[in-house]
Amino acid sequence: MTVLLAFDLLLAASIVGLAAATLLMRDAFAMIVAFIVFGMLMALGWARLVAPDVALAEVAIGAGLSGALLLRTLAHLRGGSLSAQGGASVSAPANGATQGVNALLAGLATCALGLAYLGAPQNVPGLEAHVADAMPESGVTHPVTAVLLNFRAYDTLMEVVVLLAAVIVVWQVERGLAETPAPALGTVYQGFARVALPVAVIAGGYLLWIGAEAPGGAFQAGAVLGAVAVLGLLSRHVRPAPAHRPLARGAFVVGTAVFALVALGVAGAGRVAFEYPPAQAKTLILLIEAMVTISIAATLAALFHGRAPVAVSREETDR
Amino acid sequence: MTEATIYGLAGLAVFGLGLMGVLGAADRLRRLVALNLCAGGAAMVLVASSWRPPPAAPDPVPHALVITGIVVMVSATAVALALIRRLYSLETDTDA
Amino acid sequence: MLEIAGMACMALGALFFVAGTIGLLRFPDVFCRLHALTKADGMGLALVCLGAAIGAPDGGEALRILLIWIFVALASATGGHLVARHARRAGKLVREVRP
């Protein structure tokens, strides 16, 4: 027990230390790498807190894809290279007094929250009893999936809408922006991609399927498939072209559309929206999850790629 | 001292550090990373407060909320990064 | 008995990771550090996976751990290659260690 306690203390201390290091790093590249490692360690902490679903989502999305997005933008700001010699503008820091007041206020707010957290009653039952009572009607046997796609399905529908909104905004903001092509990564990487990507697709499908009874589900599967698409973009096995735009738009919308249609259909059959009939619940949940997975994967890949695909000559991208 | 206390306080410390970064960082990219730290810290507090002593399973509702939050945060990060790229191209484009 | 063997494998693997990390911190240039990291951590990963597979409750789980080992090893080898390639192209020469 004491060994585990020591491990927990060490892990918690390294998480806080890495958060501080992320903010203190001079070089932006080092800052992003520290942030990715921070996400990994935080996921390890969540695994210790018996939250494997959250840990999977954090590793794949919070650390992996966010890190990829940040590095892509950094490469854009530094003119296609990640090393520091490029002209990344560093504006002058705010004056000392403002900094001090900010730090003081943030510290006070954190201390107040800490007191509130320590003073709050611990280990009182939350909603787990209600969830356990309703599990037989949910159609799945894994509580987190039941909450996400049945009991609190409105939240999840809104989340898919947020992803859709994000990709619309990114395509608008990036319109006409100069493209920095991703660097060519060479034949070793392409060989790796040829071997690993098909297997990663299978792993994503497995995560989607296993989500009904064990940690996994649409978000983790979508993140894995999105990462496959990102790696494919980097290996240049996938070249976005204007002809892909209708397909991409369809993939962005299909999750939201099927989710909303199922809700409307259930509501039309004399029930409340998302009150799936127990006999069909598993089928409906798997259908929604599969479509949401496609949407999440396509959206995350599009967010990484940035602007809507435009015609780029092959010679230019092969540079 | 349970896991919930240790990780909950660590999450709060991360949140506080992130808040300091959001308020104080001069660079846009750094401010965005600090905002992500804030989100991570808040998620950690939620996950820690849903923890129950070992034989009992944790509360799944906050877990689902945190998964939703992670995806929303990556969407917000992507939009913010697109804006950063656009602002940078506006600043460096001297012809316009 | 099996449990002890698994724990021993993992402990040995952790030792390799520590060695790799010391190499990362102490070696002078990118290529030496990569050498320490990829070699020692590859061995450490294999031992940790072996230990976990020995302790796995059934064959299916052991098979999944084996697959994880194969693909993490592939990915880290590719990652090491990419770092070295980038460093060489960026003109980071091997630093003279001997005077």
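1. Residues 37-56 of chain C form a span that is 90% helix and 0% strand in this predicted model. In the UniProt record, an unreviewed entry, residues 37-56 of chain C carry the annotation "transmembrane region", as do residues 6-25 and 62-84. Residues 6-25 of chain C are 100% helix and 0% strand, with 29 Å between the end C-alpha atoms.

2. For chain A, the UniProt record (unreviewed entry) gives the feature "transmembrane region" at residues 29-47, 54-75, 192-212, 218-235, 247-272 and 284-304. Two of these spans may be set beside the model. Residues 29-47 of chain A are 100% helix and 0% strand, and their end C-alpha atoms are separated by 28 Å. Residues 284-304 of chain A are likewise 100% helix and 0% strand, with end C-alpha atoms 30 Å apart.

3. The fold of chain A is built from twelve helices and zero strands, so that the order of elements from the N terminus is α-α-α-α-α-α-α-α-α-α-α-α. Of the 319 residues in chain A, 39% are buried. Among contacts in chain A with a separation of 6 or more, 73% are between residues 24 or more positions apart.

4. Helix α10 (residues 245-268) and helix α11 (residues 281-305) of chain A have axes that come within 8 Å and cross at roughly 150 degrees. Angles over 145 degrees count as roughly antiparallel, and α10(A) and α11(A) are therefore roughly antiparallel to each other. The crossing of α10(A) past α11(A) is left-handed.

5. Which residues bring α10(A) and α11(A) together? On the α10(A) side they include Ala248(A), Phe252(A), Gly255(A), Phe259(A) and Val262(A). On the α11(A) side they include Leu284(A), Ile288(A), Met291(A), Ser295(A) and Ala302(A). By class, the residues of this contact between α10(A) and α11(A) are 16 nonpolar, four polar and no charged.

6. Phe29(A) is a residue of helix α2 (residues 28-48) of chain A. Is Phe29(A) buried or partly exposed? A residue needs 20 or more C-beta neighbours within 10 Å to count as buried; Phe29(A) has 17 inside 10 Å and therefore counts as partly exposed. Leu71(A) is 42 residues away from Phe29(A) along the chain, and the C-alpha atoms of the two residues are separated by 7.4 Å.

7. Chain A meets chain B through 76 residues of chain A and 62 residues of chain B. On the chain B side, α1 (3-24), α2 (28-49) and α3 (60-92) each supply at least two residues. The largest share, 23 residues, comes from α3(B). The side of chain B that touches chain A comprises 42 nonpolar, 13 polar and seven charged residues.

8. How many residues of chain A are in contact with chain C? Nine residues of chain A contact eight residues of chain C. The side of chain A that touches chain C has seven nonpolar, two polar and no charged residues.

Note on methods. Residues are numbered from 1 along each chain as its sequence is written. Chains are lettered from A and ligands numbered from 1 in the order in which they are written. This is a predicted model: local features need pLDDT of at least 70, side-chain atom pairs count only at pLDDT 80 or more; totals for chains, interfaces and linings use all residues. UniProt positions are given in the numbering used here, feature names are shortened, and annotations may be inferred rather than shown by experiment. Helices (H or I, at least four residues) and strands (E, at least two) are DSSP runs, numbered from the N terminus. Axes are lines fitted to C-alpha atoms, for helices over the stretch in contact, and angles run from 0 to 180 degrees between N-to-C directions. Angles under 35 degrees count as roughly parallel, over 145 as roughly antiparallel, 65 to 115 as roughly perpendicular and the rest as oblique. A crossing is left-handed if the near helix is turned anticlockwise from the far one by less than a right angle, and right-handed if clockwise. Two residues are in contact if their C-beta atoms, placed from the backbone, lie within 7 Å. Ala, Val, Leu, Ile, Met, Phe, Trp, Tyr, Cys and Pro count as nonpolar, Asp, Glu, Lys and Arg as charged, and the others, Gly among them, as polar. A residue is buried if 20 or more other C-beta atoms lie within 10 Å of its own, exposed if 12 or fewer, and partly exposed in between; C-beta atoms are placed from the backbone.
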